[in-house]
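Trainee: Hello! Could you help me see how the words we use for a protein structure follow from numbers and definitions?

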Amino acid sequence: MKKVISTKNAPAAIGPYSQAVMVGNMLFSSGQLGLDPATGDFVPGGVTEQTEQVFRNIHAILAEAGLTTAHIVKTTCFLADMGDFAAMNAVYEKQFSGQFPARSAVAVKTLPKNGLVEIEFVAVQD
C-alpha cells in the first residue's frame, strides 16, 4: 500500500525521510530545496534560480512516479524571506497550465542548509 519513490534525478534525502511516498493514488513529497542532485549543493544565484531547481527536482520525482505537475493538487512553499515571494511566484506560475493547485506560502526563520525556498506537494493520480 505504501511505496517509497526515489530517483537519482533529485537530491538524496539529507535526513531520515524519503523523497516522496505513494499511498494508493496519492503522492506525498518531502520538501524540495534548490539543490543540484549531482553535487548536493545549491545552484548558483538567488531565489529565482533555487526555485527553478526546486521544480526540476519536483519534475524528477513526479516522473519517477509516472505523474506530472498536472497531478499536483496542493503545494506548500516555504521562504526564508517573504520579500522573495514575487520572484518565487514568477517561477511557480510557469510550472502549471490550466488550473493551479491549492497553495500555502509561509516565511520561516531558517530552511535546511540555509536555503532560500523549499516546496512540498501532494499529487493525485487519475
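Mentor: Gladly! Let's begin with elements: helices (H or I, at least four residues) and strands (E, at least two) are DSSP runs, numbered from the N terminus. Asn114, for instance, sits in the loop between strand 6 and strand 7. Please remember that this is a predicted model, where local features need pLDDT of at least 70 and side-chain atom pairs count only at pLDDT 80 or more, while totals for chains, interfaces and linings use all residues. Residues are numbered from 1 along each chain as its sequence is written, and side-chain values use heavy atoms, with hydrogens and water left out.

Trainee: Why is Asn114 called exposed?

Mentor: We set its value against the cut-offs: buried means under 20% relative accessible area, exposed over 50%, and partly exposed in between (1.4 Å probe, protein chains only). Asn114 has a relative accessible area of 60%, so it is exposed. Lys113, also found in the loop between strand 6 and strand 7, has 47% relative accessibility and therefore counts as partly exposed.

Trainee: Why is Ser30 called buried?

Mentor: Its relative accessible area is 17%, so Ser30 is buried as well. You will find Ser30 in the loop between strand 3 (26-29) and strand 4 (32-33).

Trainee: What does the side chain of Ser30 reach?

Mentor: It reaches the backbone oxygen of Ser18 at 2.5 Å. Asp36 gives another case: a polar atom of its side chain lies 2.7 Å from the backbone nitrogen of Ala38. Asp36 is in the loop between strand 4 and helix 1, and at 26% relative accessibility it counts as partly exposed.

Trainee: How do you know that the length of helix 1 agrees with what a helix should span?

Mentor: The expected span is 1.5 Å times one less than the number of residues. Helix 1 has 18 residues (47-64), so it should span 26 Å, and its end C-alpha atoms are 26 Å apart, which agrees. Several of its residues are buried, among them Val47, Thr51, Val54, Ile58 and Leu62. An α-helix has 3.6 residues a turn, so residues three or four places apart point the same way.

Trainee: What makes a set of residues a nonpolar core?

Mentor: The members must be buried Ala, Val, Leu, Ile, Met, Phe, Trp, Tyr or Cys residues joined through side-chain atoms within 4.5 Å. Here the largest such core has 25 residues, and those with the most contacts inside it are Leu27, Ile58, Leu62 and Phe121. Helix 1 gives the most to this core, with seven residues.

Trainee: How do you know that strand 5 and strand 6 pair?

Mentor: Two strands pair if DSSP finds at least two bridges between them. Strand 5 (residues 72-79) and strand 6 (residues 102-107) have six, in the parallel sense. In one of the bridges, Lys74 has Ala102 in strand 6 as its partner. Strand 1 (residues 2-5) and strand 2 pair over four bridges in the antiparallel sense.

Trainee: Why is the unit of strand 5, helix 2 and strand 6 given its handedness?

Mentor: A crossover is right-handed if, with the strands pointing away from the viewer, the path from the first strand over the helix to the second runs clockwise. Strand 5, helix 2 (residues 85-93) and strand 6 make a right-handed β-α-β unit.

Key. A polar contact is a pair of N or O atoms within 3.5 Å; within protein, one must be able to donate a hydrogen and the other to accept it, and residues adjacent in sequence count only if both atoms are side-chain atoms.
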